[in-house]
Amino acid sequence: MARLARVRCIRKTDRTNPHERISSIGGVYSNGSHWKQSVVQTIRDIESGAWEFYVQEDGLTAGLIVAKHEGHKYIKTTADGIQPDNLLSLAECPPVFSL
């Protein structure tokens, strides 16, 4: 059974391609400590079934999925067909969220 993790922040790059736009995601464990990991690790975790990540804003929940753009994998939410983008609209992770 996959463990659940709520994504609360992201680190963006200056790239515009979907597979290069986000470099890492982060959140808070139930004990209050912070976590952050790369998109590459997040893709591995989703594809292995070990973790399910989600975004929750304004009472709405959207799961993260792995997508492909020009042969490159990236993450997005299941609700990305609607603007604004759920994942890209999250706040930047503060410096305390370290890898």
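**Close-up views of a predicted model**

**View 1. An open sheet of four strands has mixed pairing and the order β1-β5-β6-β7.** Strands here are DSSP runs (E, at least two residues), numbered from the N terminus, as are helices (H or I, at least four residues). Two strands pair if DSSP finds at least two bridges between them. β1 (3-6) and β7 (72-77) are the edge strands, each pairing on one side only. From one strand to the next, the twist averages 35°. This is a predicted model, where local features need pLDDT of at least 70, side-chain atom pairs count only at pLDDT 80 or more, and totals for chains, interfaces and linings use all residues. Residues are numbered from 1 along each chain as its sequence is written, and side-chain values use heavy atoms, leaving out hydrogens and water.

**View 2. β5 and strand β6 (residues 60-69) run antiparallel.** Four bridges join them. Gln56 has its bridge partner, Thr61, in β6. Strands of a sheet pair through backbone hydrogen bonds, either parallel or antiparallel.

**View 3. Ring pairs link Trp35, Trp51 and Phe53 into a cluster.** Rings of Phe, Tyr and Trp (its six-membered ring) pair if their centres lie within 6.5 Å; planes under 30 degrees apart count as stacked, over 60 as edge-to-face and the rest as tilted. The count is two aromatic pairs. Trp35 and Phe53 have ring centres 6.0 Å apart and planes at 45°, so this pair is tilted. Trp35 lies in strand β4 (residues 34-38) and Phe53 in strand β5 (residues 51-57), 18 residues apart. The rings of Trp51 and Phe53 are stacked, because their planes are at 20°, with centres 6.1 Å apart.

Key:
Axes fitted to C-alpha atoms, helices over the stretch in contact; angles between N-to-C directions.
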